Amino acid sequence: MKKQSSNQAVPFRIVHPFSVTTMAQAAMIAALYVVLTFIANAFGLANHAVQVRISEALTILPYFTPAAIPGLFLGCLISNILTGCILPDVIFGSLATLAGALGTYALRKWKWCAPITPILANILVVPLVLIYGYGFLKEGYSLLYCYFFYVITVGAGEIISCGILGMSLLFTLEKYREKIFPTS
């Protein structure tokens, strides 16, 4: 094996994973998520069995920028804490939003798939949080029946917020994509 001298070493540079622009975008998205959740919470739409969080429309943003992934996660985490959610909801609800954001980013090549993973992540996780965390079991009904009942109610809210509002947001932002989310 050859020895490598110091003058032949391959130079390396420190690469910062997030630029100032990316961190600023993530912070703005997190702040917007919190504000929109507070608005929905004021009308009783942000928590419990039927949820239409306006802020969930933002889950399409990873279609435009990866900065939305930490922004959505932190925004959901902060808003769950500030709206008085229980610990399992804070943890697993935020992780569901993170999974949805990662899925949206992974499927960014297909515009119409943007809301699918946030909807799926939330309809699989949130009913379990409602049943085990909040104890929302309907008396006289089985656990499986209650789970599917909440899948339907949470799913309806997610279709409204992610599917309808989110896709409306996506088409609106797409017109201004280069100005809001520059690629260079």
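Predicted model: local features only at pLDDT ≥ 70, side-chain atom pairs only at ≥ 80, totals over all residues.
At what angle do helix α2 and helix α3 pack, and how far apart are their axes?

**Entry 1**

I took α2 as residues 68-82 and α3 as residues 87-106. They pack at an angle of about 160°, and their axes are 9 Å apart. Angles over 145 degrees count as roughly antiparallel, so α2 gets that label relative to α3. I also looked up the handedness, and the crossing of α2 and α3 is right-handed.

Next I listed who makes the contact. From α2 I have Ile69, Leu72, Phe73, Cys76, Leu77, Asn80 and Ile81. The α3 side brings in Asp89, Val90, Gly93, Ser94, Leu95, Thr97, Leu98, Ala101, Leu102 and Tyr105.

Arginine 108 lies over the face of tyrosine 105, at 3.8 Å from the ring centre.

I then clicked on threonine 104, which is also in helix α3. Is threonine 104 buried or exposed? Its relative accessible area is 0%, and buried means under 20%, so threonine 104 is buried. Leaving out residues up to four places away in sequence, I found threonine 104 touching Thr59, Ile60, Pro62, Tyr63, Ala114, Thr117 and Pro118.

**Entry 1: the aromatics**

How many aromatic pairs does the structure hold? I got seven. Tyrosine 141 and tyrosine 145 make one where the ring centres are 4.5 Å apart and the planes sit at 20°. Planes under 30 degrees apart count as stacked, so I logged this pair as stacked. I checked accessibility for both partners: tyrosine 141 is partly exposed at 46% relative accessible area, and tyrosine 145 is partly exposed too, at 40%.

Phenylalanine 149 and tyrosine 150 came next. Their pair is edge-to-face, with 5.3 Å centre to centre and 70° between the planes. Here the two partners fall into separate classes: phenylalanine 149 is partly exposed, with 29% relative accessible area, whereas tyrosine 150 is buried at 4%.

Which residues do ring pairs link into a cluster? I noted Tyr134, Phe136, Phe149 and Tyr150.

Definitions and conventions:
Residues numbered from 1 in each chain as written. Heavy atoms only, no water. Phe/Tyr/Trp six-rings, centres within 6.5 Å; stacked < 30°, edge-to-face > 60°. Buried < 20%, exposed > 50% of the residue type's maximum accessible area, 1.4 Å probe, protein only. Lys NZ or Arg CZ within 6 Å of the ring centre and 35° of its normal. Axes fitted to C-alpha atoms, helices over the stretch in contact; angles between N-to-C directions. Helix = DSSP H or I, 4+ residues; strand = E, 2+ residues; numbered from the N terminus. Parallel < 35°, antiparallel > 145°, perpendicular 65-115°, else oblique. Left-handed = near helix turned anticlockwise from the far one by under 90°. Contact = heavy atoms within 4.5 Å.
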